[in-house]
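Trainee: Before I rely on the labels attached to this chain, I would like to hear the criterion behind each of them.

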Amino acid sequence: MSDELRIRADVSLLDDVLDFLNTHLESWDCMPKTQIQMDVAVEEIFVNVAHYAYGVEGGGDVTIRIDFDEEKRQVAVKFTDSGVPYDPLAKADPDVNAPLEDRPIGGLGIYMVKKSMDDMQYSREGDTNNLTLIKNL
C-alpha cells in the first residue's frame with residue numbers, strides 16, 4: 001500500500017501532513033505509542049524542510065510518500081525536496097550526557113528521530129534530497 005502527498009514546505013501546513021500520516025497509520029491498526037513516535041518524527045522532518053530547505057525565501061514543495069509492507073508490518077515515510085543538499089544522518093549525534101551549557105544549539109530533534117525510528121536512509125539524487133523514515137508497527 002502506497003500513497004503520496006505533495007505539499008508546500010510551510011509549517012502552517014503541518015496539520016495536513018499529520019492528518020495524511022495518521023489516516024494511514026490508523027487504517028493499519030498502529031499502536032498509539034508508535035503513532036506518537038511517527039507523528040513526532042514526521043513533524044521534526046517536515047518543519048526542518050520548511051525552515052531550511054529553501055532558504056529564507058521558502059516557496060518550495062516537499063513530497064511525502066508513505067509505503068506499508070503488510071507482511072513485515074513496516075511503514076516507510078519518504079520526504080523528497082529540491083532544497084539545498086542536506087544529509088541529517090552525516091552529522092554526529094549530540095552528547096546528551098554533557099552539561100546543557102556545554103552543548104551546541106541544534107541537532108537534538110534529528111537525534112530523537114534517529115532514536116525513535118527503526119531505520120533512516122538519506123540519498124541525494126540529482127537536485128533532490130530523499131530522507132526515509134522506517135518504523136516497524
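The conversation below takes several labels in turn and sets each value against its definition.

Mentor: This is a predicted model, in which local features need pLDDT of at least 70 and side-chain atom pairs count only at pLDDT 80 or more, while totals for chains, interfaces and linings use all residues. Residues are numbered from 1 along each chain as its sequence is written, and side-chain values use heavy atoms, with hydrogens and water left out.

Trainee: What is the average pLDDT of the protein chain, and where is confidence lowest and highest?

Mentor: With pLDDT being the predictor's confidence in each residue, from 0 to 100, the protein chain averages 89, and 85% of the residues score at least 70. Confidence is lowest in helix α3 (residues 108-116), at a mean of 84, and highest in strand β3 (residues 74-81), at 98; helices here are DSSP runs of H or I with at least four residues, strands are runs of E with at least two, and both are numbered from the N terminus.

Trainee: Why is His24 called buried?

Mentor: Buried means under 20% relative accessible area, exposed means over 50%, and partly exposed lies in between (1.4 Å probe, protein chains only); His24 has a relative accessible area of 8%, so it is buried. His24 sits in helix α1 (residues 14-27) and, leaving aside residues up to four places away in sequence, touches Met1, Asp3 and Ile66, where contact means heavy atoms within 4.5 Å.

Trainee: What makes the pairing of Arg65 and Glu4 a salt bridge?

Mentor: The term requires a side-chain nitrogen of Lys or Arg within 4 Å of a carboxyl oxygen of Asp or Glu, and the N to O distance for Arg65 and Glu4 is 3.6 Å, so the pair qualifies. The pair links distant parts of the chain, with Arg65 in strand β2 (residues 61-69) and Glu4 in strand β1 (residues 2-8), 61 residues apart.

Trainee: Why is Arg6 called exposed, while Asp61 counts as partly exposed?

Mentor: Arg6 has a relative accessible area of 60% and is therefore exposed, whereas Asp61, at 29%, counts as partly exposed. Their side chains meet in a salt bridge at 3.5 Å, N to O.
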